[in-house]
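Please look at the sequence and the structure below before reading on. The report that follows goes through selected contacts, strands and rings in turn.

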Amino acid sequence: MTRRNWHILTEGDALVLARRVPVRMDFAATADFPACNRLLLAQQIRQDIWRRLQRLKGYAPVVRIHRDGNRLQVTAGGQVDGAIPSDLSDQVAEILNTPALRQRWIAHAARTREGQRHV
C-alpha cells in the first residue's frame, strides 16, 4: 500500500512506513511511546527525521512501530546509498528522545476521528 509514494506495510503487530521496498535499515535507533495511532506517529517521526537528515546522500527513511501491549516500540532509521556517518544512529536517537518533539508527535497521534480506532 502506498500513500504519496510511501509504503505502509503491516507485519503482525508492526507497522512499517518506508520510502523504498524492500525495506533496508542501515542504521537505526529505538524508543518507547504510549499507545496511540501508529500510522500518525510514524508519519510525524519520519517527517522530523527527514528534515534533519535530508542532505544525507541516498537517504530513504524507515519507521517501524511494534505494538507491545499498551506501549509502542519505535525503530527509526533507514537506508543510505552513500557513506554512513558514524554518529547517525545517535542523531536519530536524539531526535526520538527530544521532549518537545515527542510531546507533539504523541498529541497528534492521539487524535482520532469519531469512530476511528487506533491503527
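## Asp 26 and its salt bridges

Asp 26 counts as partly exposed, because its relative accessibility is 29%. The model is a predicted one. In this model Asp 26 forms a salt bridge with Arg 24, and the closest N and O atoms are 2.8 Å apart. Arg 24 also counts as partly exposed, at 37% relative accessibility.

Arg 24 has another partner: its side chain meets that of Asp 81 in a salt bridge, at 3.8 Å from N to O. Asp 81 lies in the loop between S6 and helix H2 (88-96), while Arg 24 lies in the loop between S3 and S4, so this pair ties together parts that are 57 residues apart in sequence. Together with Arg 20, the residues Arg 24, Asp 26 and Asp 81 are linked in a network of salt bridges.

For comparison, most peptide bonds are trans.

On the surface, Val 21, Val 23 and Met 25 form a nonpolar patch, and together they have about 220 Å² of accessible area. Is Met 25 buried, partly exposed or exposed? Met 25 counts as partly exposed, because its relative accessibility is 33%.

## Strands and hairpins

Strand S2 (residues 6-11) runs antiparallel to S3, and five bridges join the two. Within this pairing, Thr 10 stands opposite Leu 15 in S3. S2 and S3 form a hairpin with two residues between them, and Gly 12 in the turn has a positive phi of about 65°. Most residues other than glycine have a negative phi.

S3 is also joined to S5 by five bridges, and these two strands run antiparallel. Here the bridge partner of Leu 17 is Val 63 in S5. S5 in turn pairs with strand S6 (residues 71-79) in the antiparallel sense, over nine bridges. Arg 64 has Thr 75 in S6 as its bridge partner. The hairpin of S5 and S6 has two residues between the strands, and Gly 69 takes a positive phi near 65° in this hairpin.

How many salt bridges does a search of the whole structure find? The search finds seven. One of the salt bridges in the model is formed by Glu 11 and Arg 64, whose closest N and O atoms are 3.9 Å apart. This pair links distant parts of the chain, since Glu 11 is in strand S2 and Arg 64 is in strand S5, 53 residues apart.

Glu 11 is partly exposed, with a relative accessible area of 43%. Arg 64 is partly exposed too, with a relative accessible area of 29%.

## Aromatic pairs

A search of the whole structure finds three aromatic pairs. Phe 27 and Tyr 59 form a tilted pair, with 5.9 Å from centre to centre and 35° between the planes. Phe 27 lies in strand S4 and Tyr 59 in the loop between helix H1 (38-53) and strand S5 (60-68), so the pair ties together parts that are 32 residues apart in sequence. Both Phe 27 and Tyr 59 are buried. Ring pairs link Phe 27, Trp 50 and Tyr 59 into a cluster.

Phe 33 and Trp 105 form a tilted aromatic pair with 6.1 Å from centre to centre and 45° between the planes. This pair links distant parts of the chain: Phe 33 is in strand S4 and Trp 105 is in helix H3 (residues 99-110), 72 residues apart. Phe 33 counts as buried because its relative accessibility is 0%. Trp 105 counts as buried because its relative accessibility is 0%.

## Charges over rings

Which residue lies over the face of Phe 33? Arg 102 does, at 4.0 Å from the ring centre. In another contact with a ring, the charged end of Arg 19 sits over Trp 6, 4.8 Å from the centre of the ring.

Notes
Residues are numbered from 1 along each chain as its sequence is written. This is a predicted model: local features need pLDDT of at least 70, side-chain atom pairs count only at pLDDT 80 or more; totals for chains, interfaces and linings use all residues. Side-chain values use heavy atoms; hydrogens and water are left out. Patches are made of residues with over 30% relative accessible area and no salt bridge: like charges are joined within 9 Å, nonpolar side chains (Val, Leu, Ile, Met, Phe, Trp, Tyr) within 5 Å. Accessible areas come from the Shrake-Rupley method with a 1.4 Å probe; for residues, only the protein chains shown count as cover. A salt bridge is a side-chain nitrogen of Lys or Arg within 4 Å of a carboxyl oxygen of Asp or Glu. Buried means under 20% relative accessible area, exposed over 50%, partly exposed in between (1.4 Å probe, protein chains only). Two strands pair if DSSP finds at least two bridges between them. Helices (H or I, at least four residues) and strands (E, at least two) are DSSP runs, numbered from the N terminus. Rings of Phe, Tyr and Trp (its six-membered ring) pair if their centres lie within 6.5 Å; planes under 30 degrees apart count as stacked, over 60 as edge-to-face and the rest as tilted. A charge sits over a ring if NZ of Lys or CZ of Arg is within 6 Å of the ring centre and within 35 degrees of the ring normal.
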